[in-house]
Amino acid sequence: MKTQVICFANNKGGSGKSTTCANVGYGLTQLGKKVLLIDGDMQLNLSLSYFSEDEVLAFAQGDKNLYYAIKNQRDLKSYIIHTPYENIDIIPSSTLMSSVEYELFTKWQREFILKKGLQSIRESEEYDYILIDAPPTLGGWVMNILCASDRVIIPVEATPWGMFGLGNMFEFLEQVQQMEPALDVMGILVTKVDTRKNYFKQTFETLHDLEDVHVFDTFIRVDSSVEWSQDNNMPIMAYRKGSRSAQEYMALTEEIVNCYV
């Protein structure tokens with residue numbers, strides 16, 4: 001199987017993009033896959049899922065991060081850093097990513113800079129999956145991420161505000177698909193679920209009413225184990241394999257892999 005590029009995107013913050021990207025990445029390694037993570041968000045949360053705050057800040061303040069690669073339109077291969085876990089590497093982010101829109105503005109074919117930077121990594125087929133964490137915005141940089149991806153997963157939190165702005169997200173995806181018709185919306189993942197609240201059922205019903213949009217069978221419940229794993233800069237499966245969240249993220253990972261079969 002050729003290298004598959006999946007991004008996690010939603011224009012609303014707090015939907016669980018980084019947590020999902022980090023844990024699906026680790027889950028894929030448990031299925032024998034080799035994974036490259038790309039932290040596309042200035043908040044650095046994906047990087048913090050694998051490294052301590054001091055290490056992440058050192059990456060962010062140095063020149064071996066995604067910002068410098070994009071700014072200088074470099075091959076991303078030389079920006080890869082090994083994580084403490086087998087078969088999963090990362091290209092860390094930088095707080096300077098906040099100005100990446102400005103950097104892109106004057107570039108030729110600016111929507112495809114990330115895609116070009118990933119080309120040699122994809123062609124080498126060294127990784128089975130490349131997972132990209134997108135920032136909670138809709139602009140030139142997120143367009144870059146989407147144009148570089150084969151598929152997009154949209155995490156949506158099961159709260160009254162979780163669905164807000166989803167229409168804008170789909171309009172933006174339609175614009176991207178005019179440039180990259182092959183981009184596939186893999187599906188919506190419902191996160192931060194509290195099954196005791198009726199809004200969880202309402203969220204699912206509303207999403208299932210959307211035409212031509214897949215909703216993953218697996219959903220992710222609220223679980224304090226996730227926060228503890230983040231506090232320890234570890235994916236949940238590495239921190240507490242027997243936890244409910246670890247089992248849910250593993251089930252989601254298997255569901256994602258089965259979509260390719």
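Modeller: The sulfur of Cys 147 lies 10.0 Å from the closest cysteine sulfur, that of Cys 7, which is too far for a bond. A disulfide is counted here when two cysteine sulfur atoms are within 2.5 Å. The model is a predicted one, in which local features need pLDDT of at least 70 and side-chain atom pairs count only at pLDDT 80 or more, while totals for chains, interfaces and linings use all residues. Residues are numbered from 1 along each chain as its sequence is written, and side-chain values use heavy atoms, leaving out hydrogens and water.

Across the whole structure, 0 disulfides are found. Cys 7 is in no disulfide, its nearest cysteine sulfur being that of Cys 21 at 9.1 Å. Cys 7 is buried at a relative accessible area of 0%, where buried means under 20%, exposed over 50% and partly exposed in between, with a 1.4 Å probe and protein chains only. Cys 147 is buried too, with a relative accessible area of 2%.

Cys 147 belongs to helix α7 (residues 140-147), of which 7 of the 8 residues are buried, so the rest of the structure largely encloses this helix. Helices are DSSP runs of H or I with at least four residues, strands are runs of E with at least two, and both are numbered from the N terminus. Besides Cys 147, the buried residues of α7 include Trp 141, Val 142, Met 143, Asn 144, Ile 145 and Leu 146.

Val 156, in strand β6 (residues 151-157), is likewise buried, at 0% relative accessibility. Apart from neighbours within four places in sequence, its contacts (heavy atoms within 4.5 Å) are Asn 10, Ser 15, Gly 162, Met 163, Leu 166, Ile 188, Leu 189, Val 190 and Thr 191.

Ser 94 sits in the loop between β4 (88-91) and α5 (100-105), and it is buried with a relative accessible area of 0%. A polar atom of its side chain lies 3.1 Å from the backbone oxygen of Ala 60. Ala 60 is also among the residues that Ser 94 touches, along with Met 42, Leu 44, Asn 65 and Tyr 67, when residues up to four places away in sequence are not counted.

On a 1 Å grid over the protein atoms alone, a cavity is a set of points where a 1.4 Å probe fits but cannot get out; a pocket is an open set with protein on both sides within 12 Å along at least five of seven lines, and lining residues have an atom within 4 Å of a point. Grid points are joined across faces, edges and corners, and a volume is the space filled by probe spheres set on the points.

There is 1 cavity of 30 Å³ or more. The largest cavity has a volume of about 40 Å³, and its lining consists of Thr 19, Ala 22, Asn 23, Ser 49, Val 226, Ser 229, Gln 230, Met 234 and Pro 235. Helices α1 and α10 each give two or more residues to this lining.

The largest pocket holds about 620 Å³ of space. Of its 28 lining residues, Gly 16, Thr 19, Lys 192, Val 226 and Gln 230 are closest to its centre. At least two lining residues come from each of α1 (17-30), α2 (45-48), α10 (224-231) and α12 (244-259).

Key
Polar contact = N/O pair within 3.5 Å; in protein donor to acceptor, adjacent residues only side chain to side chain.
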